[in-house]
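Here is a briefing on one protein chain. Keep the structure open while reading.

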Amino acid sequence: MQLGPVRSNGFIPTTFTDYFDPTATNGSSGVVYSGTVAIAAFPYNTSYKDNMRQLTLTVQWTSDSIQRRRTNVTYMAKDGIQNYVY
């Protein structure tokens, strides 16, 4: 699997910024969330490793003057999970 398709035409952006406040009125933007997305080779030596990629998502924001950061790691398959389950 080539990394090209998931990185082409901004399909999966490498950085992003978004705003959220569930009580915001029109014109208010809320807390600023900024994040990064990294796509890397599948880290485990398996027969299907060439068809998999590791995706790491990191999000940062400030709340009550405290800088916060969370990271999530997941995996994606070239043809989706159905080809590995069925």
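The points below go from the overall build to single residues.

This is a predicted model. The chain holds two helices and four strands. Read from the N terminus, its elements run α-β-β-β-β-α. The four strands form an open sheet.

**Chain totals**

- The chain has 86 residues, and buried residues make up 17% of them.
- Take the contacts between residues at least 6 apart in sequence: 32% of them join residues at least 24 apart.

**The sheet**

- The strand order is β1-β2-β3-β4, and the pairing is antiparallel.
- β1 (15–20) and β4 (66–77) are the edge strands, each pairing on one side only.
- From one strand to the next, the twist averages 20°.
- Six bridges join β1 to β2 (residues 31–41), in the antiparallel sense.
- Aspartate 18 has tyrosine 33, in β2, as its bridge partner.

**Threonine 58 in β3**

- Threonine 58 sits in strand β3, which spans 52–63.
- Its relative accessible area is 9%, under the 20% limit, so threonine 58 counts as buried.
- The side chain of threonine 58 makes a polar contact with the side chain of threonine 71, at 3.2 Å.
- Leaving out residues up to four places away in sequence, threonine 58 touches Ser34, Gly35, Thr36, Arg69, Arg70 and Thr71.

**Aromatic pairs**

- The count of aromatic pairs comes to five.
- One of them joins phenylalanine 42 and tyrosine 44: the ring centres are 5.5 Å apart and the planes are at 75°, so the pair is edge-to-face. The cut-off for that label is over 60 degrees.
- Phenylalanine 42 is buried, at 12% relative accessible area.
- Tyrosine 44 is partly exposed, because its 48% relative accessibility falls between the 20% and 50% limits.
- Ring pairs link Phe42, Tyr44, Tyr48 and Tyr75 into a cluster.

- Which backbone angle stands out at aspartate 64? Its phi is positive, about 55°, although aspartate 64 is not a glycine.
- Serine 65 also has a positive phi, near 65°, and is likewise a residue other than glycine.

**In short**

- The predicted model has an open antiparallel sheet of four strands.
- The ring cluster includes phenylalanine 42 and tyrosine 44, which form an edge-to-face pair.

Methods: Residues numbered from 1 in each chain as written. Predicted model: local features only at pLDDT ≥ 70, side-chain atom pairs only at ≥ 80, totals over all residues. Heavy atoms only, no water. Pairing = 2+ DSSP bridges. Axes fitted to C-alpha atoms, helices over the stretch in contact; angles between N-to-C directions. Phe/Tyr/Trp six-rings, centres within 6.5 Å; stacked < 30°, edge-to-face > 60°. Buried < 20%, exposed > 50% of the residue type's maximum accessible area, 1.4 Å probe, protein only. Contact = heavy atoms within 4.5 Å. Polar contact = N/O pair within 3.5 Å; in protein donor to acceptor, adjacent residues only side chain to side chain.
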